[in-house]
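Work through the exercises below. Try each task before you read its solution.

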Amino acid sequence: MFRLQGSKTLAVDLTGDAVKAKNGSMVAYDGRMTFKKMTGGGEGLRGMVSRRLTGEQMTVMEVSGQGTCYFADRASEINLVALHGEKLYVEASNLLATDAGLRTGTTFTGLRGGASGNGLFTTTVEGTGQAAIMSEGKAVLLRVSPQYPLMVDPGAYIAHQGNLRQQLQSGVNFRTLMGEGSGEAFQMRFEGDGLVYVQPSERNTVGGDV
Amino acid sequence: MPFREINSKMVEATVAPGQTLFSQRGAMLAYRGEVSFTPNIQGGQGGFVSMIGRRVAGEATPLMTVEGSGTVMFGHGGHHIQVINLSGDTLYVEADRLLAFDGSLQQGTMFMGSQGGVMGMVRGQVTGQGLFTTTLKGHGAVAVMAHGGVIELPITPGRDIHVDPQAYVAHHGEVRNKLSTAVGWRDMVGRGSGEAFQLELSGSGAVYVQASEEKL
């Protein structure tokens with residue numbers, strides 16, 4: 001029921017069911033819709049508390065009704081992700097909408113959060129259904145397999161899914177300290193089996209200046 | 001005269017002798033042939049009265065007249081451009097979104113507050129858009145700017161469309177608009193979903209919606 005209208009607008013057909021979306025991202029709808037802000041992302045008190053602590057406070061609304069609802073956010077490109085029971089890790093600021101049946105939570109990402117300019121925590125989406133994630137420019141989907149680890153600029157990373165281990169690696173060496181930095185001081189290293197979404201644009205990162 | 005879309009952010013228009021084109025001042029990117037650009041102090045056609053109307057309405061986007069023979073490329077601020085072809089109906093659009101349009105189209109301003117009563121009056125204040133909107137009527141093409149891509153949603157009797165006022169770009173046809181509220185008691189105390197106001201469009205025509213809630 002998720003479909004793209006152009007590359008920057010998400011159309012969701014609802015027949016009495018519901019969808020969770022970033023607060024305020026509705027641009028138009030036909031039919032009858034109700035919009036309800038969800039308390040703490042809709043996972044009860046614990047979810048709310050963890051959200052407060054982690055700073056991954058995406059404000060979510062639940063849209064239910066009959067008809068078609070259109071979502072968009074700051075002209076970002078939208079990518080559809082189908083989940084079949086696995087977990088999707090995504091920065092909260094890049095998550096536009098999910099099927100109401102998908103569970104959302106937060107996980108600790110370690111040091112890389114600080115370097116990527118995002119928080120130390122990231123949002124997880126789990127279950128079976130569809131999610132829509134946003135990128136600045138059209139995102140590419142890169143496969144990681146055991147033989148082929150992948151290094152990603154933290155500022156270009158958007159999301160990943162599958163069985164992946166991630167760690168932050170630094171390319172800082174003597175030269176960098178002497179002021180001859182390559183501008184690529186930190187990378188995220190992914191190992192295992194899965195998919196990584198990368199956008200053709202870089203957020204401001206701590207590592208960018210090194 | 002039609003506009004040719006070069007890409008999503010640039011259009012090309014062909015000008016021929018005897019034909020006039022209006023464009024937002026400074027929106028010309030390149031041209032071929034013998035083309036002249038003259039600032040249009042009167043703010044389009046319609047003479048003195050129209051000018052005053054424009055001043056009062058705050059719909060006074062500086063325009064220029066494009067005449068001659070050749071082709072002209074238009075674009076502005078990296079915004080997306082949507083070409084809308086009118087066949088006798090009326091287009092409603094905020095003046096600052098107009099990139100270029102056929103000189104044969106009839107220009108006017110319309111007081112949006114007259115539709116929808118008090119809520120119509122409120123609409124301008126809430127949406128940050130003016131209470132007045134420019135109208136273009138007749139047969140011809142209009143190039144309209146938007147932040148992000150644009151989708152066109154048809155409005156048919158019995159199928160109303162609700163639009164986020166900030167994402168609204170333009171509409172055409174026989175359409176009534178009113179500001180509807182989805183505000184309940186909860187929204188008033190700060191637990192809003194962020195979708196408190198919607199522009200409700202009914203009748204028959206089409207509305208253009210941008211993939212962003214930012215103004216130009």
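This is a predicted model: local features need pLDDT of at least 70, side-chain atom pairs count only at pLDDT 80 or more; totals for chains, interfaces and linings use all residues.

Residues are numbered from 1 along each chain as its sequence is written, chains are lettered from A in the order in which they are written, and side-chain values use heavy atoms, without hydrogens and water.

**Exercise 1.** Find which residues of the largest nonpolar core touch the most other members.

Solution. 
- Take buried Ala, Val, Leu, Ile, Met, Phe, Trp, Tyr and Cys residues joined through side-chain atoms within 4.5 Å; buried means under 20% relative accessible area (1.4 Å probe, protein chains only).
- The largest such core has 21 residues; Y70(A), L153(B), V163(B), V207(B) and V209(B) touch the most other members.
- β13(B) gives the most to this core, four residues. Strands are DSSP runs (E, at least two), numbered from the N terminus.
- Y70(A) has contacts in both chains, including L10(A), V27(A), I151(B) and L153(B). Contact means heavy atoms within 4.5 Å.

**Exercise 2.** Describe the contact between chain B and chain A.

Solution. 
- Count residues: 25 come from chain B and 22 from chain A.
- Take the area: about 1900 Å² is buried, with 53% from carbon and sulfur atoms. This is the accessible area (1.4 Å probe) lost on being put together, summed over both parts.
- Look for salt bridges (Lys or Arg side-chain nitrogen within 4 Å of an Asp or Glu carboxyl oxygen). The count is one. D30(A) and R159(B) meet at 2.5 Å, N to O.

Notes
Buried means under 20% relative accessible area, exposed over 50%, partly exposed in between (1.4 Å probe, protein chains only). Buried area is the accessible area (1.4 Å probe) that two parts lose on being put together, summed over both. Lists of a residue's contacts leave out its neighbours within four places in sequence.
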